[in-house]
Structure formats: structure tokens, C-alpha cells
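Here is a short report for a reader meeting this structure for the first time. Have the sequence and the 3D view open while you read.

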Amino acid sequence: MSELSTLSPQPLWDIFAQICSIPHPSYHEETLAAHIIEWAKSKDFHVERDDVGNILIRKPASKGMENRKAVVLQAHLDMVPQKNNDTQHDFTQDPIRPYIDGDWITAEGTTLGADNGIGMASALAVLADETVKHGPLEVLLTMTEEAGMDGAFGLKSGWLQADILINTDSEEEGEIYMGCAGGIDVVTTLPLSREALPAGYKTLELTIKGLKGGHSGGDIHLGLGNANKLLARFLAAQADDLNLKLIHLQGGTLRNAIPREGSCVIAVPADQLETLHQRKERYLETLTNEYAVVEANLTLLLDEIETSTPALTADCQTRFLSMLNAMPNGVIRMSDVAKGVVETSLNVGVVTMDEEKVEVFCLIRSLIETGKTYVAEMLNSLAKLSGAKTVASGSYPGWQPDADSPVMHLVRETYQQLFDKTPNIMVIHAGLECGLFKEPYPDMDMVSIGPTIRGAHSPDEKVHIKSVGQYWQLLTAILKSIPVKE
Ligand SMILES: [Zn+2]
């Protein structure tokens, strides 16, 4: 028996301990899925799977609650497999080893899988616990959320009977989520032509580093420095003045991370070297002044290097630097519905260059579909001006906040009554599966709640024990208060 079984609510912690004992990283959910299906059958629940592997379990209403609106409790089956370098762990074979660490549960050397294992355990505990009162109930467990939301993308219309969906994948007790951003990737490709450097040029590498970086959704409103944009700004301003030639430019590593570092290889006539160094120092002063609050460790390095790569032709260089310098980045618009939340943003995340082409990888996020297309069109217009082309891919819809959502109001009132404080109604500028559910189920009334989880997706992941109890109290109270279906 796991030491987690000493905690309350016991059915939830018991089930969570079992989930931890069965490996279930993304793409390896089958053993856990089979186990849950066997368990549901042994309890005589109706259970089905769809083509993409999502599990649906139905439980009839408690006595006297048959006339309520039907609810689907939803969690994702998979977890992110991350371990410390010095931990021996095979995520497809070895159980997660959770333990109590003061007020928290964490795991030895690995991710815990509280994201979304606690949500999954709470849904299964509602099925198992006969003392919980509820109307017609469904439990939906989705596949591979953490590696592309495969299950949510594959969800068919007409499968769920519920009117209300409670997503259990948010990570802060006291916060109720009523919306999330969708996203789309746009790659801008500009073909390059090159020519040999004129005689008498010196080649140098200019590097920007020490920027904070961060999540391109959650941190986009912080106004952090973007290495790609800051390089373009300097080069676009100095190129003509210094007869500067661009040979190479690269920056960032992931579309969904704000780029922390970037570098370029440039060449200037030998008699401009001194001026270049002065301009670089002045630019560093400018940035240090502008970013004094948010980027205290920003640095610029300028070193002479050798290279035999030819430079971009003058026309090609002007088009590229103008394009990157003019490219929108960061917050485009704030939401009118959710105060203080970003509606639309983009991150100029990665620039890669080879002999023939340069590619700029952007991730656009928006709470509304048209916000995404607006920014994608801006990038397309800019590409047309520059002789480049854009390709969009990987679009997934956001979950547009509905200020009139009945279930959101019910959750808020229930929370207020239980804990005598007002919860925060939140919209997250990152992805949740709810946005995808709206396509097959446009009328589904949705909300997302969860316990407090820290360090999700890292070996430091931990869940706050008391918040799990509060989350369970809230969830069961909501189920009891679901209104009658008209
Ligand atoms: Zn999750």
C-alpha cells in the first residue's frame, strides 16, 4: 500500500497511487487504458473507446438526480516523461515513485504526472465513490494531450451526451478557467542570393545573449527581449551607414519559447571597424536602458572571426533585414472580455539560415480564431513586400471566453460558498483541450479547474496536498448543484 493512501480524500489518492504504478507517458497509454477499462467493466459501467483511443465511461445519475443536466468530467491519460540526469528511469517500464514531502506530493527524480493524473483520479473517484451525488455522468479520458492533443483532435461529434464539460487540467486552486488561446505556426521563407565579399572587408560575429526567454504564451505580456528582433533592429539601422554585409543570422530554438540568444556573422570595410564597435556599445547602452527592469543580464558580444561563406547580395540583405525588423512580435491585442489577458500575440521564435534560404518560425496565439488569421495575414503581407513566402500549419482553435457561461457562474458561486472567498476567473494565453472540444460540441458549456501543481513537465513537479482536498470538495459540490435539464 502506498503512503498516499493515508491522505484524504482516500479514494482519490488510492486511485492516483495506482495510476503512478502503471507507466503512461505520451504514446504509451495503452497499459493504463486497459487497466481503467477492466476496472470500469468490473463495476458494470458502460465503457467505450473511439478510433483515436479516447475512453468514455458512463455512470447513471444518483437516485433522485436523474433530471439534472449531464456532466462529462475530462482529463488526459498521458503524462510528460522528464527525469533528472542522474536518475535511472524507463518511463515505459518503471512505476513513478511518489512520496509525501511536507505539504506536497512529489516523485523521486521524475515528473509526477499530477498533470493530469490527479484530474483523472478525481474523475474515477467520482465513479467509485457512492457517497458523491451527481446527475447523469460521463468520464472522458483523452489520448496524448502532451504531445499534440491527438485525442482532442480526434474527438467525434455525437459521442458525448453531456451538456456540461468540466476539464480538470488547470493547475491553480482558487482559479477557474473559462477560456484559452488557440495557436498556429507560420513559417516565412525567403530565398537568398549571395556574392563574394568585396576586398578589404573584415568579418565579425555579433551575439546577443543573457536574455530571460520564457513561454511564448504565458510570458508574452512581460515585454521580454526577443533575440531575433533585437539583432534585426541593430542590423537594419546600421547596414547602409556602415556598408555592412550580412553573411549569416540565427536565433532561438523553439517556436513556443521566447528566444534568449541569437547571433549573426557580418562584414564591414576595415576602415569602419572602429565605428561598428562604437555603434554596438551605444546599442548595448540603449537596450540596457530600455530593458533595465526585465532584462538585467542582457549582453552583446562582437568578435572577429574567419569565414569563407559569401555574403547576401545588397538587395537580398535589404529585403531580409527590413522584413525581420518590421515583423510584428509580442502582444497584438488585449482581450475585452477577460481583463488583463492577452487576446492575440505572436512570437518570432526561431530564425535559421543556410546558403540558399532563411526561414523565420513564428507561433501565433489568440483567444479568437480571427485574431490568428489577422496576424497570419500580416505576416503574409510582409512576406509579399519582401519577396518571401509564408506557410501556415498546426492550427488549433482557442476556447473563446463566454462571460455568460452558466457552469462558470455555478462554479464561482459554489466556490464562494464553500471557502468564503472569491475565486479568480481566468483565461490562459496557452493551449487547453477545451478549444478543440468546441468544434464537435459547439454548445458544450465548459469550465476548467484543478489543484495547485508546480513545476509541471519537469522533474520538480509537485502537487499541493491540501489543494487536492479543496479541489475535490469543489468538484463534488458542483456535481451536486448542477441544475435540472429544462
Ligand atoms: Zn495537462
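Across the domain boundary, 14 residues of domain 1 are in contact with 18 residues of domain 2. Contact means heavy atoms within 4.5 Å. This is a predicted model, in which local features need pLDDT of at least 70 and side-chain atom pairs count only at pLDDT 80 or more, while totals for chains, interfaces and linings use all residues. Residues are numbered from 1 along each chain as its sequence is written, and side-chain values use heavy atoms, with hydrogens and water left out.

**Domains and their interface**

Domain 1 covers 3-181 + 399-481, and domain 2 covers 183-396. These bounds come from an automatic or database domain assignment. Taken over C-alpha atoms, the centres of domain 1 and domain 2 are 39 Å apart.

The size of an interface is often given as the accessible area lost when the parts come together. Here domain 1 and domain 2 bury about 1000 Å² between them. Of that area, 72% is on carbon and sulfur atoms. Ala181, Val427 and His429 lose the most area on the domain 1 side, together 53% of what that side buries. Buried area is the accessible area (1.4 Å probe) that two parts lose on being put together, summed over both. The interface of domain 1 and domain 2 has zero salt bridges by the rule used. That rule asks for a side-chain nitrogen of Lys or Arg within 4 Å of a carboxyl oxygen of Asp or Glu.

**The chain as a whole**

The chain has 11 helices and 25 strands. Both are DSSP runs, numbered from the N terminus: helices are H or I with at least four residues, strands are E with at least two. The C-alpha trace spans about 90 × 50 × 45 Å along its principal axes. Of the 486 residues in the chain, 56% are buried. Buried means under 20% relative accessible area, exposed means over 50%, and partly exposed lies in between (1.4 Å probe, protein chains only). Among contacts between residues at least 6 apart in sequence, 79% join residues at least 24 apart.

**The zinc site**

Which residues hold the zinc ion? Its protein donors are His76 (NE2), Asp115 (OD), Asp169 (OD) and Asp169 (OD), at 1.9 to 2.7 Å. Donors are N, O and S atoms within 2.8 Å of the metal (3.2 Å for Na, K and Ca); water is not among the atoms, so sites may look incomplete. Along the chain, the donors follow the spacing H-x38-D-x53-D. His76 lies in strand β3 (residues 71-76), and Asp169 lies in the loop between β7 (164-167) and β8 (175-180), so this pair ties together parts that are 93 residues apart in sequence. Both His76 and Asp169 are buried.

The angles among the four donor atoms run from 51 to 141°, and the site is irregular. Four donors count as tetrahedral if all angles lie between 85 and 135 degrees; four count as square planar and six as octahedral if opposite donors are over 155 degrees apart and all others between 65 and 115; anything else is irregular.

**Salt bridges**

The count comes to 18 salt bridges.

| Glu130 | Lys59 | 3.8 Å |

Take Glu130 and Lys59, a salt bridge with its closest N and O atoms 3.8 Å apart. The pair links distant parts of the chain, 71 residues apart: Glu130 is in the loop between α3 (114-128) and β6 (137-142), and Lys59 is in strand β2 (residues 55-59). Glu130 is exposed, at 59% relative accessible area. Lys59 is buried, at 7%.

Glu290 sits in helix α6 (residues 273-290) and Arg233 in helix α5 (residues 227-242), 57 residues apart. Glu290 is partly exposed at 44%, and Arg233 is partly exposed at 29%.

Asp315 and Arg319 both lie in helix α7 (residues 314-326), four residues apart, about one turn of the helix. Asp315 is partly exposed at 47%, and Arg319 is partly exposed at 25%. Elsewhere, Glu48, Arg58 and Glu138 are linked in a network of salt bridges.

**Glu461**

Is Glu461 buried or exposed? At 2% relative accessibility, Glu461 is buried. Glu461 is placed in the loop between β24 (453-454) and β25 (462-464). Leaving aside neighbours within four places in sequence, Glu461 contacts residues including Thr111, Asp115 and Arg454.
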